[in-house]
Amino acid sequence: MAEKVLKKEKVGEALKELSKFRLFAPSKSNGTILYKQIEDPSDACLDFGNTTVPAKKIVFPQTETLFRFMLGNPELKEKNVEEEGTTVVFGIRPCDARAMGIVDNLFSWDYQDPYYLKRRELTTLVGLACIQPPSINCFCTSVGGEPFSEENLDVLLVDLGEMYLFKAITEKGEKLKTTLGSQLDEAPSDAVKKSGELADKANVQIKRTIDTKGIPEKLPTLWENELWKRVSAACLGCGICTYLCPTCHCFDIQDEVEGAEGRRARMWDSCMFREYTLHASGHNPRPTRRERTRNRINHKYSYFPSKFQVIACVGCGRCINLCPVNIDILEILGQVVDA
Amino acid sequence: MVDNAKLKDVAKEVISREDVRLLIGYRPGTYGFRARPAFVENSDQVDELIFSPACVSNLSSYLTLEEKTPLPRGVEPDLRKVAVMVKGCDSRALVQQLVEKAYDREHILVLGIPCRGVVDMAKVENRFPGVISGEIAMEGDNLVFSFDGKEETVPKEELLAEKCKRCRYPTPLISDLLLDDEVERFADDDYSDITAMEGKSTEEKWAFWEEQFSRCIRCYSCRNVCPMCYCEDCVLDRLKPVWARRSVDISENTVYHISRAYHLAGRCIQCGECERVCPVDIPLMLLNRKFYRDVEELYDYEPGIKVEEKPLLSTFSVDDKEDFIL
Amino acid sequence: MAEETREGFEPNIVAFLCNWCSYAGADLAGTSRIQYPSNVRVIRVMCTGRVNPLFVMNALQQGADGVLVSGCHPGDCHYMQGNYYARRRFTLMRNFLEYLGVDPARVRMSWVSASEGSKWKEVIEEVVEGVKAVGPMDQFKRRQLNW
Amino acid sequence: MKNPYIPYEVKIVDAWYETPGDRCIKTFKVTFSDEKIWDTWSHQPGQCAMVGIPGVGESMFCISSSPTEKGYLRFSIMKVGKNTSALHELEAGDTFFIRGPYGNTFPLEEWKGKDIVTIGGGIGQAPLRPVIQYIRDNRDDFGELTVIYGARTSADHCFKAEFEELNACGDACCHLSIDVQEENWPHFVGFVPALLMEVEPSPENAIAVTCGPPVMIKFVLENLEKLGFTPDQVYTTLENRMKCGIGKCGRCNAGNLYVCKDGPVFSYAQLKEVPEAFA
């Protein structure tokens, strides 16, 4: 089968074509790279490391309505996700795509979460391979990912300099390939080989690593270990590490009323907040940041693997890059290994 | 520049004192040029302590951040002092906390660090990308970066944090031990950024702030890092009544940011931590400094200078300006 | 577009009135049959010092186009000093809202005593005129459409 | 596919106060507004439901009626927060919303033929009530039933009339306690764990179920061990803050167990492996 490429001068055209769907791409806002719904292709910015906020916000919005109602009326109007229509995420990094696959486990476990799953179904992920690790704190190779990982992607783009190799991986990807038809060109004969070389080079450029083997089994034995006090001492209890984590999926549910209209909505929540586990009685089973940090690490590296056989961390490095006080999950895991 | 050997000696002496239970200082970070808070409980741990232009955190936040759990029956609370290392700007947070009687003066032991400025870590990492481990030192008006076995010198004004370029109080205003010679004021604030913003039209102003606030993800790091935001139960977390809903949209985000900034009116001491920690780069100091300037102009008040001062909004003068009142 | 919405625009004004002066003043205006614009919704508080700036923001969020805080003249406060504290608070608040791009005409303050029924009328007229001139509050009002 | 976040409307058939005071307890007897829902609804003792009012919120409560009590569900709710206060405003004829049933159940099938001891404190009797009721309605399947219950004062006792009736009809042997002596109190005075030692139930072919405040549970578990109960003979229920009730929102975990999905019913043998269980 002949491979296709997307020439860089045609990216704008391709985005224009895709903007007939609900199209998201990285975009620069005041120096911060964030996913934004793209109507004008020039808003997109494909020359980026990784977005500050992960792509999870597209399938799992920070705030979303579950249903609406009028006060005193028993009729509850369910939010129809179908209406949002086909969605394309253009330029998602392989780690963020992998994270969605991990979170899928949770939202389809036993009870099916209709909002998340419907959105996942409607969404096509066009990945952009990491020629270079976006940050020095990338450690995807330690947790089962790769800079060129195709896992969970529908299309993988590889930057070959003048053009992107366009690799359709799934049926959704093939469909997108058809949609883009005229914007794509035949790939030069060496494109695939070149991409393979780049992949090998990218892998060795990941500087920070950790051997995660055995951590899920070891964590429960370290419950009362003094390391938790040490690693959480500087914690401010903010939500950066969790909100910006592509696999963190906790949410809160709140009712909101305006006049006679109301809605029940869910919004991201963070296990690092005191209110997260606070009982109405005032009792808090996780009273300090020590317990909360312990829970965060355990959830990612022990509880989640024990339920779904996969570590709930993709090594994107966001929690390390953006922690205000340099709490470093790799250092914590290192201490777990050494303990 | 503080001599790190001397710093360790002093720290060792302090933590060995019977009336000190904890010393909060800085230690090297886990990657790049970073430094991070260090919590020293015994003299074996002082060797990791450092001070360098990478030590940006305001450690006075930790004095009010400790979460206390009920003590087991028969266990007495540990009332010994907490020693804390503070730069000039950080020390003003201590002063303001004392003005508000957040804790007793006897509760703390202040190790003052006269400071010639700290770096803006984002600028540093832009300048030297991909460095796994390195150190920063200050020599005269230059910053010296050592990494991968080499050294590079950069004039300090290129990489200094913005707050340092406006710093009026480089020497701590409160201290029990001063770790270096006093530093003369080397900068001042002309509020040019504030005046520029004020010069815009109403529409331009809102367009600017709407874009800024719409990026906010409400992680609350700006609140949590703030040494002056120490309410145990924040009004913005309350469920009854709800002042700022948890849903993230422009309306609630605006209310969150107005409330946060307003609660710092006459209290913000310009350490710039909120702006530094914001993951989506909202220019929060542009909000705080507006209040700072107004308070200075209208009431001739500068927070965090004198422990004996009364908080701005719990005092008044009969002659306060009121030209806008009908 | 803006012109269209402003045509015939009747703003909602929320007024926080102190129990001892301004509320009585507004009452006097009523009993004296002084006609004043009906755009105002009054919330009685014991003192202007009790008005939390969060009240003002909440009103603007919920659909008020303007907010008025009114109390006793300086020196006349029933609680001696409440209005002085309020004055500082709202001076800063008003400057700040203006800085964010919320027109200062939306947040007003006045001193109206219990005997100033006619002043109450003037104040309300001025507030309503001011808000009419800047149009409906659209900056951070809750937008239900996004639900 | 039914959307699990959409609750059903229920109508209050009857509502009454069990106890007075600031943290009063009110019992609601409800039925579905849409009778057809009964065809698909089935719950077992120990299971919970999300109870709430649109516009206020929802919280998780145990269903305090047994499936053998047909045609209605019961909830006994203590007034502590925003949602419970709003629920307490409701009277017979009013409606609220529920979704569920959620969580696991007491393994009553396995308990058949055994003696059952229930040990409850305060509002902790609510999840035990369906167990007692279930046993009464299948009386021949079980051995002796011993009910131990205590609250701070006699006024704080829930389900008073039911205890009296239980004793009178001979289905069970009830032992009641209050913390401090009151006039005309004929029963035990002291804490529940002490009453347990006084009653001294035999561990032979027996199951103990306990529910109540954390401190009480802690000492009851200790005392049950002293009496010779092995950890797999002892059951309790956990509670944590919940939002979704279906294992998604993340907050109710105790160690690697989601209380809403893997619980709320756990054997002491299970909980001994979970360090966070009694936090």
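The model is predicted: local features need pLDDT of at least 70 and side-chain atom pairs count only at pLDDT 80 or more, whereas totals for chains, interfaces and linings use all residues. Residues are numbered from 1 along each chain as its sequence is written, and chains are lettered from A and ligands numbered from 1 in the order in which they are written.

**Chains A and B**

Select chains A and B, which share the most contacts of the 5 pairs of chains in contact. Two residues are in contact if their C-beta atoms, placed from the backbone, lie within 7 Å. Here 36 residues of chain A meet 32 residues of chain B. On the chain B side, at least two residues each come from β2 (35-40), α7 (202-215) and α8 (221-225) of chain B. Helices (H or I, at least four residues) and strands (E, at least two) are DSSP runs, numbered from the N terminus. The side of chain B that touches chain A has 13 nonpolar, 9 polar and 10 charged residues. In this classification Ala, Val, Leu, Ile, Met, Phe, Trp, Tyr, Cys and Pro count as nonpolar, Asp, Glu, Lys and Arg as charged, and the others, Gly among them, as polar.

**The two domains of chain B**

Next, colour chain B by domain: domain 1 covers 4-178 and domain 2 covers 192-314, with bounds from an automatic or database domain assignment. Their C-alpha centres lie 24 Å apart. The contact takes 21 residues from domain 1 of chain B and 18 residues from domain 2 of chain B. On the domain 1 side, α2 (88-99) and α5 (162-165) of chain B are the elements that give two or more residues. Of these, α2(B) gives the most, with 9 residues.

**Where chain B meets chain C**

Now show helix α11 (residues 285-299) of chain B together with helix α4 (residues 82-100) of chain C. They pack at an angle of about 135 degrees, with their axes 10 Å apart. Axes are lines fitted to C-alpha atoms, for helices over the stretch in contact, and angles run from 0 to 180 degrees between N-to-C directions. α11(B) is therefore oblique to α4(C); angles under 35 degrees count as roughly parallel, over 145 as roughly antiparallel, 65 to 115 as roughly perpendicular and the rest as oblique. Display the side chains of K290(B), F291(B), D294(B) and L298(B), which meet T91(C), L92(C), N95(C), F96(C) and Y99(C).

Within chain C, select the open sheet of 4 strands, whose order is β2-β1-β3-β4 with parallel pairing. Two strands pair if DSSP finds at least two bridges between them. The edge strands, β2 (40-45) and β4 (107-111) of chain C, each pair on one side only. Strand β3 (residues 66-71) of chain C is joined to β4(C) by 5 bridges, and L68(C) stands opposite R108(C) in β4(C).

**Chain D**

Finally, turn to chain D, which does not touch chain C; their nearest C-alpha atoms are 14 Å apart. Chain D is divided into domain 1 (8-102) and domain 2 (108-237). The contact between them takes 15 residues from domain 1 of chain D and 15 residues from domain 2 of chain D.
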